[in-house]
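Dear colleague,

Please find the structure below for your files.

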Amino acid sequence: MAIDFPPQRVAVTGASGLLGRALVTALASRGHAVVGGYRELPQPSPAAVTPLKLDLLNAESIAEFVGTARPDCVIHAAALTDVDRCERDPEFALCVNTIGAQSLSKALEGSGCRMIFLSTDYVFDGREGPYDESAVPNPINVYGHTKNVAEEIVRTIFPDWAIVRSASFLGIGLPNRPTWAEKLVITMLERPPLTVATDQRSNITPLEFLASAIIEIVEGRGTGLRHVAGDEILSRYEFALKLVRLFGKSDDTIQAVSYRDLNRLAPRPLNGGLATRFPLRTPQIPLDVALDRWKTEFLQART
Ligand SMILES: NC(=O)c1ccc[n+]([C@@H]2O[C@H](COP(=O)([O-])OP(=O)(O)OC[C@H]3O[C@@H](n4cnc5c(N)ncnc54)[C@H](OP(=O)(O)O)[C@@H]3O)[C@@H](O)[C@H]2O)c1
């Protein structure tokens, strides 16, 4: 695709992650020079990406990553994203999500590099979502807290920053790391019934849309705080119903419960979700269209 903005040297942390994998591919196809930060170097390396090792828990590794990558822009997508794991091990979550972001920011300070930090709707308490950029964060779990403090650090250190808050990604995980949507379908197909909450709501965000929107920000349109999420806010139950129907199963494959009945460790923002005051030019992908594509990819990944 023709690029209407000078190509940049863009470093993506968490390049093996759900969003990271989508981003490095999309950035490379736009003509940017892409450096991927990997905790473990992938074998073989993804095409068009220069892989570099990066461990956010190790200052030397961060310095080497920054010194070798020499980025114009960093997209910091690496994080400990398992919300219950963060709750179980708050010190570790703080080290990866907050101190890791701080160490990376400090290593880049003064270099003129732009920082785009990935954050989450979990910085809000979920009492009266959806939240736009003017809402005041009030995290109710460790994950949300670690990301909220990291946001403040990024704002303080970089003169040129963007914070992109998003919500519930719709994508395909690695074979040993299925996404939550994949887990729902696997349970629905192999071990019904599906038990899902009717009282936890958020946007469902197609990754293709999010990656394109972030690239719009990389290419110069959009700084500061941005909420970038799919335009449909659904309860987990409503989303599961869509999946059940997409795979031709009956609605009673689902057992509706309240979030409290799931006995999850970390509290979740229930009436959550994101709205925005600053829509980007990147068009939304209607959820039903994204789900049709997602189903094709899901079936391909399992053959
Ligand atoms: N998933 C969602 O629904 C969602 C919603 C809103 C916001 N977000 C935010 O979006 C970003 C991307 O999320 P995601 O779901 O794509 O993440 P993910 O799939 O869980 O991947 C996390 C990435 O972080 C890397 N990582 C973890 N610990 C690291 C460390 N110590 N040093 C270096 N890298 C490390 C992982 O490397 P390994 O592969 O080696 O473990 C992996 O590449 C995160 O900042 C998250 O908070 C996610």
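Which residue has a polar side-chain atom 3.3 Å from a nitrogen atom of the ligand? That residue is Asp-55, and the pair is a polar contact (N or O atoms within 3.5 Å). The protein covers 88% of the 910 Å² of accessible area that the ligand has on its own (Shrake-Rupley method, 1.4 Å probe).

Please note that this is a predicted model, in which local features need pLDDT of at least 70 and side-chain atom pairs count only at pLDDT 80 or more, while totals for chains, interfaces and linings use all residues. Residues are numbered from 1 along each chain as its sequence is written, and side-chain values use heavy atoms, with hydrogens and water left out.

Backbone atoms also take part: a polar one of Ala-77 lies 3.2 Å from an oxygen atom of the ligand, and a polar one of Ala-79 is 3.2 Å from an oxygen atom of the ligand.

Around the ligand there are 25 residues, of which Ser-16, Arg-39, Thr-81, Tyr-143 and Lys-147 come nearest; a residue is counted if one of its heavy atoms lies within 4 Å. Strand 5 gives the largest share of this shell, 3 residues.

As for the cysteines, the count comes to 0 disulfides (a pair of cysteine sulfur atoms within 2.5 Å). Cys-86 counts as buried because its relative accessibility is 0% (buried: under 20% relative accessible area, 1.4 Å probe, protein chains only).

Yours sincerely

Methods
A polar contact is a pair of N or O atoms within 3.5 Å; within protein, one must be able to donate a hydrogen and the other to accept it, and residues adjacent in sequence count only if both atoms are side-chain atoms. Helices (H or I, at least four residues) and strands (E, at least two) are DSSP runs, numbered from the N terminus. Buried means under 20% relative accessible area, exposed over 50%, partly exposed in between (1.4 Å probe, protein chains only).
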